[in-house]
Amino acid sequence: MLPFFTNPYPNELIYSAIARYHFYSGNIDCKDTLEELFDNRSVIPSIGMGSYFSVLAEKLGAQYSIESLLANHTIYPYYASFLSKQRQQEILNDVKEDGKALYTRLGMVAGSICIKNGIYYCAICARSDTEQYGEPYIHREHQLQGIDYCPHHEVLLRKYPVIKDSRIEYIRFELNHMNLSELYEIDPHKEMSVYLAKQAYKLLHLPLHSLSREDIISKYKALLRKHKLITASNRVRQHELYQAFKITFSRDFLKCYQSELSEEDEYNWLKVLTRNMKRHVHPFRHLLFLYFLKHDIEELVVLTKDFGAFGKGPFPCLNKAASHYKQLIIQKVEVTRDYKSKNLIGTFTCSCGFIYARKQTTDMFEIGRVKAFGGVWIEKLKTLAQEKLSIRAVAKILGVDSKTIKRYLSGSVELKQTASHEHSVNKLSQYKKELLNEIRQNPGLSRTELREKFPKQYMYLYRNEKSYLESMLPKVQRQNKPTTSVNWSKRDQQYVQRIKRLYLKLIQEPKPIRITKSVLGRRLGILANLERHLDKLPKTNKLLHDITESVPEFQLRRCYKIIDELLKQNSTIDLWRIQGVAAIKSHHFHEIKPRLKRYIEMKQEVNRK
């Protein structure tokens, strides 16, 4: 154990503490310092991380451990939460020894962005540290890739002019080499960058390994489900996700931080991040994704994992007639999507025959719709009916409406089903005879003529006994119709001209209309060709791709029009007023608000000129 050591300050890199130790120890040769701390004279200093922590922790004393050095005095926690549990353990082993595979495991080689060459500092932090501790030191939160601002003082970081004579030398901050003057810079991305810096700082202070890649993926899925970006089959709606993400972050911002996206790229970082892939995604991009999901790091820690649209089973049986009523005995749920509302619907089937469905958002003990009551329920109904209880009393006991009880008691549903089946058999027999008699009397009738003469009989047999109908009908009489070939190239050019004219007309409408393929196709009477033969109309296809609007794009155009009108009238431009006039829901408006702010600033700047 060392006789003394310059204990690290809050959030100081262990690298910085070692540099200070070398200075105060009076060692002239850096190798002597390495020998004292690591029992090794060839250790190469690493600014953000480190190696030989097992020896170092032993030398520093019982108050230090490998885990405490990693958690409090390296940049490792910035990466740790997004690594698999196996990778986290491997890194713990790496830092004990020479750490050769360390940076590869962290993803700082293959997945790095915004690489920082050098050491960075905040001028205000440096002044504050000097006042409090008598000297400045290297803060780990200032060395993170992608982070350009101090999370405490919201000022741009500055690069320390490194003066290094040897690769094994440790750099110590010296005030005479630091620029502590105030810095004023116009940065259009400052607000976002400062927010991300604060989130990165929170990452550094999470309990070590409180999160892992496995936890993160599950929690992301839960958040995406809230944004309705998960399908009934539990897959991410990648196209809708990309469109929403594109609205949240401007292309300039993503380009500035080397995080641009291409939807066509199957391995763009957004797809990799939302799919269970082994590829590494940089922590900074995880922070971008969390901002998009409107969640910060602290909320993510306490968020429960995703157990599907309806949570983790088992689920309750809600059959009031069963002895296991409200007991959690249903193991599985069948998830479908309502074709009208697009809401996820869960169907729960119990062994007692009771089947019910409910929406994702409702309470687990609430029935949306009963699909089948089952034998247990019907037997209970029969028993209650014999006790001569009132209809209302029986309905209350069985948890249904009085009309349902009446329907099941009036001759019973089973009898009704039997009667219905007998009626159906009689009708089939009657319709078969009528058609056969007509075919025998008029053997020359075609299928079309027969269908026109007996439409009811024909359709009933077609729906219920199609194979029999096919066997009794006369053979199909094929006519040789002259075929006319379509000049798709000429039609493509015509469509382009017609769509362009209609587009210019629609875009000038006083009340904005969303430009979609359906709107253009219906108004021009060519929707069928646009839906079925677009592959034969390449120019039309390209034009539609260029001019059709997604919902967010249409919302933006609507808002831009309102802003332009307010500027013409010299009226005050309030975002809440624009939202009200455009009739956009708050959660959608929040997504386009940053772009609206930039548009207003740009327009006002043009007007001033």
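A: G525 follows helix α24 and has a positive phi, near 70°. The model is predicted. Helix α24 spans residues 517-524, and its buried residues are V519, L520, G521 and L524. The cover over these buried residues includes α23 (488-507), α25 (527-532) and α26 (538-547).

D546 and K542 are both in α26, four residues apart, about one turn of the helix. Their side chains meet in a salt bridge, with N to O at 3.2 Å. Side chains of opposite charge can pair when their charged atoms come close. K542 is classed as exposed because its relative accessibility is 55%, and the limit for that class is over 50%. D546, at 49%, is therefore partly exposed.

D574 and R577 form one, their closest N and O atoms being 3.6 Å apart. D574 has a relative accessibility of 21% and so counts as partly exposed, since buried requires under 20%. R577 is partly exposed as well, with a relative accessible area of 33%. In the bridge between E266 and K271, the closest N and O atoms are 3.3 Å apart. Here K271 counts as buried because its relative accessibility is 7%, whereas E266, at 41%, is partly exposed. A network of salt bridges links E12, R20, E135 and R172.

K271 forms its bridge with E266, and helix α13 covers residues 269-274. The loop between α12 (251-256) and α13 holds S259, which counts as buried because its relative accessibility is 0%. Leaving aside residues up to four places away in sequence, S259 touches I113, L254, W269, F284, R285 and L288. Two of these contacts, W269 and F284, belong to a cluster linked by ring pairs, whose members also include F245, F249 and F253.

The model has 31 aromatic pairs. Among them, F245 and F249 form a tilted pair, 5.0 Å centre to centre with 45° between the planes. Both F245 and F249 are buried. Charges also sit over rings: the charged end of R279 is over the ring of Y267, 4.1 Å from its centre, and K116 lies over the face of Y120, at 4.9 Å from the ring centre.

Terms used
Residues numbered from 1 in each chain as written. Predicted model: local features only at pLDDT ≥ 70, side-chain atom pairs only at ≥ 80, totals over all residues. Heavy atoms only, no water. Phe/Tyr/Trp six-rings, centres within 6.5 Å; stacked < 30°, edge-to-face > 60°. Buried < 20%, exposed > 50% of the residue type's maximum accessible area, 1.4 Å probe, protein only. Lys NZ or Arg CZ within 6 Å of the ring centre and 35° of its normal. Helix = DSSP H or I, 4+ residues; strand = E, 2+ residues; numbered from the N terminus. Contact = heavy atoms within 4.5 Å. Salt bridge = Lys/Arg side-chain N within 4 Å of Asp/Glu carboxyl O.
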